[in-house]
Amino acid sequence: MLCSSGDNGKATKLVCKNGCIGCKICEKKCPNEAIMVNNFHASIDYSKCTNCGACMAACPAKVIHSCEVKS
């Protein structure tokens with residue numbers, strides 16, 4: 001997540017184009033329970049994340065990006 005705002009979706013989008021809107025779709029789509037949305041902000045538990053891309057594909061705001069390092 002590129003933005004750490006804890007404001008609701010409307011307030012976040014007024015000041016940050018990379019802000020989570022808190023919809024929890026990513027949380028529901030993650031097959032590994034690696035994402036939790038609290039206070040309108042998604043947090044990823046990288047110890048559970050397999051980089052499957054389900055959350056990125058599901059995010060309507062398109063604010064979740066892969067952190068996979070390509071060499």
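I began with the lining of the largest cavity in this predicted model, and by class I found eleven nonpolar residues, six polar residues and no charged ones there. That lining takes in 17 residues, and I noted I44, C49, N51, C55 and I64 as those that lie nearest the centre of the cavity. Its volume comes to about 150 Å³.

I then asked how many cavities of 30 Å³ or more there are, and the count is two.

Next I looked up the largest nonpolar core, which has ten residues, namely C20, C26, I35, V37, A42, I44, C55, C59, V63 and I64. Strands β1 (35-38) and β2 (41-44) each supply at least two residues of this core. As a general note to myself, nonpolar side chains in soluble globular proteins tend to be buried together.

For the chain as a whole, I wrote down three helices and two strands, running α-α-β-β-α from the N terminus. Buried residues, taken as those under 20% relative accessible area, make up 30% of the 71 residues. Of the contacts between residues at least 6 apart in sequence, 40% join residues at least 24 apart. Last, I noted that the chain exposes about 4800 Å², with carbon and sulfur atoms supplying 53% of that area.

Key
Residues numbered from 1 in each chain as written. Predicted model: local features only at pLDDT ≥ 70, side-chain atom pairs only at ≥ 80, totals over all residues. Heavy atoms only, no water. 1 Å grid on protein atoms, 1.4 Å probe; cavity = no way out; pocket = protein on both sides within 12 Å on 5 of 7 lines; lining within 4 Å. Points joined across faces, edges and corners; volume = space filled by probe spheres on them. Nonpolar A, V, L, I, M, F, W, Y, C, P; charged D, E, K, R; others polar. Core = buried A, V, L, I, M, F, W, Y, C linked by side-chain atoms within 4.5 Å. Buried < 20%, exposed > 50% of the residue type's maximum accessible area, 1.4 Å probe, protein only. Helix = DSSP H or I, 4+ residues; strand = E, 2+ residues; numbered from the N terminus. Contact = heavy atoms within 4.5 Å. Areas by Shrake-Rupley, 256 points an atom, 1.4 Å probe, with all protein chains shown as cover.
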